[in-house]
Amino acid sequence: MARSAVWTSTIGLKVAMAASGLGMVGFVLFHMAGNLQVFAGRDVFNAYAHFLQSLGGLLWIARLGLIGMVALHIWAATKLALRNYAARPQGYASLKSRRTGVYAKTMLYTGIVVLAYIGYHIAHLTLGVAHPEYFNALDELGRKDVYTNFVISFSNPIIAGTYVIANVALAAHLAHATTSVFRSLGLSVGRFKQPLQMVGPAVGLIVAVGNTSMPIACWLGVLSV
Amino acid sequence: MRVTFKVWRENDEVRGFRSYAIEANEHMSFLEALDVVNEMIIREHEKYPEGPIAFDHDCREGICGMCSMVIDGHPHGPRQATTTCQLHMRSFGDGDEILVEPWRARAFPVIKDLVVDRTAFDTIQQAGGYVSVGTGAAPDANALPIGKTVADEAFDYAACIGCGACVAACPNASGMLFVGAKVVHLAILPQGNVERSQRVSAMVAAHDEAGFGGCTNHEECEAACPKEISVDAIAKLNVELMRAAVRS
C-alpha cells in the first residue's frame with residue numbers, strides 16, 4: 001500500500017477522525033472552562049472575552065485550526081459512514097448487541113446535531129446574527145458586554161432549551177468518541193486500557209454538567225443582569 | 001424437547017424464512033439438531049419442496065471455523081466463547097423458536113441458505129498473513145528464544161479460526177478483528193517481524209478492497225468471537241499500519 005493509500009484506508013480515516021477529534025475535545029474542555037467564568041460575574045467574564053478578542057492573529061490561527069479539524073472530521077466520517085453502510089446491503093432479521101451502547105450507536109446522529117448546533121452557536125454568540133438585540137452592548141468600562149448578552153439570551157427558555165439539548169448530544173457524542181480516540185490511536189491496550197475506557201464517559205459527564213449548567217442557571221434566574 | 005427452527009432459505013426456489021418443528025434431544029449439538037431437521041425434510045420432501053438446509057460444518061469440535069450462522073441474533077448462538085458446533089440444545093428451552101440466519105456482509109455473499117462465501121478472508125490471508133521462510137525439517141524448539149509474555153500474546157491472537165463471527169457481529173461488517181489478530185500475532189514474533197510493514201499494508205488493503213466496513217469501536221466483535229480475541233488486536237493493528245506508513 002502506497003503511503004497516500006494508507007491515509008484513505010479504513011484505518012487511516014479512523015486515525016484522522018481520532019486526531020482531529022482529540023483536538024476538538026481539547027477545545028470543548030478549554031471553551032467550557034473559559035465560559036464557566038460567567039459564574040464569577042460580569043467583570044471577570046467580560047475581561048475574559050476582551051482578552052480573547054485582543055489576541056488578534058492568534059485567535060484566527062486557532063479558528064482556522066478548528067475549521068480544519070471540523071472539515072477533516074466530517075470528510076473522514078462521511079467516507080467511513082458511506083462505506084460502512086455499503087458493507088451490509090442486507091441486514092439481519094435479528095442481530096442483538098452484547099457490548100455496544102446507545103452512545104456508540106447514535107454517533108452519526110449526535111454528530112449531525114452537534115454540527116447544526118455549532119452553526120447556530122456561532123451565529124448567536126460569535127457573529128451576533130441569530131439574536132442581535134444585546135450583541136453590541138458595552139459595559140461601563142467600554143468593553144463588549146458579553147455577560148449581558150449571555151444572561152439575557154439564556155433567560156429565554158427556547159434558547160436555553162436548545163443549548164441544553166445540543167450539549168446533551170455533544171456529551172453523548174464525546175462519551176463514546178473520547179474512549180474511541182485512544183483505541184484508534186492504539187493507546188488503549190494493556191494496563192492503559194481500563195483507565196482510558198473511563199475517559200470517554202468522564203468527559204461526557206463533565207461536558208454535560210458544565211455546559212448545561214450555564215444556560216440552566218440563566219433560565220432559572222441564578223445568573224441575572 | 002420440541003423446538004422450531006426458523007431458518008433463512010435462499011436458493012433458486014425460495015428466498016426467506018421457513019419454519020421446521022422437530023423433537024430434539026437436549027444433549028444434541030446444534031448441528032446435530034439441524035441434521036435431524038434435514039432428515040425430516042428429506043423424509044417429507046413433498047411437504048418441504050425447498051429441500052434440505054445447506055449449512056457449513058467440518059470438524060465439529062470448535063477449531064475449523066466453518067459452522068457460521070447467526071442464531072437468535074448472535075453469531076454462533078447465545079453462549080459466549082462457543083462455536084455453533086459446540087453449542088448444545090440444552091442452551092434452549094422446550095417450545096423455543098430459534099431464528100437462524102447466515103452471516104450478512106457484502107464481502108460474504110450468500111451461496112445457499114446458511115452458507116456464505118468467505119473467500120475474502122482467504123484473500124486477506126494470502127495478501128500477507130504468512131512468513132516467507134524456507135521450510136524444511138522442524139527447527140529446534142529453543143533455537144530462537146521468545147519470551148513467555150510475547151509467546152502467550154502471539155498464541156492468543158493465533159487462536160483466530162477465521163470463522164467470520166467478528167464481521168457478522170460488527171454493525172459495520174468490518175473484518176478488523178480478523179486482520180488485527182493475523183497481523184499482530186506475526187508482527188510480535190521474530191519470525192514475522194521482518195515483513196511486518198509489507199504485511200500490514202497488504203492485508204489492510206485487501207480487507208478494504210473486499211468491501212468490509214471500518215471499525216467504530218463497538219466491541220461487538222470481541223463479544224462474539226468464539227476464541228475471545230481481544231479488541232486490543234485492532235488498536236495494535238492501527239499502530240502497525242501507522243508505523244508502516246511512516247517507515248515506507
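This tour moves through aromatic pairs in chains A and B and then through the sheet of chain B. The model is predicted.

**Stop 1: helix 7 of chain A**

Over all chains, the structure holds 13 aromatic pairs. Begin by selecting A:Phe150 and A:Phe154, an edge-to-face pair with a centre-to-centre distance of 4.9 Å and 80° between the planes. Both residues belong to helix 7 (residues 146-155) of chain A, and because they are four residues apart, about one helical turn separates them.

**Stop 2: a tilted pair in chain B**

Select B:Phe30 and B:Phe92. Their ring centres are 5.9 Å apart and their planes stand at 40°, so this pair is tilted. B:Phe30 is found in helix 1 (residues 30-43) of chain B, whereas B:Phe92 is in the loop between strand 4 (74-75) and strand 5 (97-101) of chain B; the pair therefore ties together parts 62 residues apart in sequence. Both B:Phe30 and B:Phe92 are buried.

**Stop 3: the sheet of chain B**

Display chain B as a cartoon. Its open sheet consists of five strands in the order 2-1-5-3-4, with mixed pairing. At the edges stand strand 2 (15-23) and strand 4 of chain B; each has a single partner strand, so one side of each is left without a neighbour in the sheet. In general, strands of a sheet pair through backbone hydrogen bonds, in either a parallel or an antiparallel manner.

Zoom in on strand 1 (residues 2-10) and strand 2 of chain B, which run antiparallel and are joined by nine bridges. Within this pairing, select B:Lys6, whose position is opposite B:Ser19 in strand 2 of chain B.

Next, return to helix 1 of chain B. This helix lies across strand 1, strand 2, strand 3 (70-71) and strand 5 of chain B, and runs at about 100° to strand 2 of chain B.

**Stop 4: charges over rings**

B:Lys6 lies over the face of B:Phe17, 5.6 Å from the ring centre. Finally, select B:Arg104 and B:Trp8: the charged end of B:Arg104 sits over the ring of B:Trp8, at 4.4 Å from its centre.

Technical notes. Residues are numbered from 1 along each chain as its sequence is written. Chains are lettered from A and ligands numbered from 1 in the order in which they are written. This is a predicted model: local features need pLDDT of at least 70, side-chain atom pairs count only at pLDDT 80 or more; totals for chains, interfaces and linings use all residues. Side-chain values use heavy atoms; hydrogens and water are left out. Rings of Phe, Tyr and Trp (its six-membered ring) pair if their centres lie within 6.5 Å; planes under 30 degrees apart count as stacked, over 60 as edge-to-face and the rest as tilted. Helices (H or I, at least four residues) and strands (E, at least two) are DSSP runs, numbered from the N terminus. Buried means under 20% relative accessible area, exposed over 50%, partly exposed in between (1.4 Å probe, protein chains only). A charge sits over a ring if NZ of Lys or CZ of Arg is within 6 Å of the ring centre and within 35 degrees of the ring normal. Two strands pair if DSSP finds at least two bridges between them. Contact means heavy atoms within 4.5 Å. Axes are lines fitted to C-alpha atoms, for helices over the stretch in contact, and angles run from 0 to 180 degrees between N-to-C directions.
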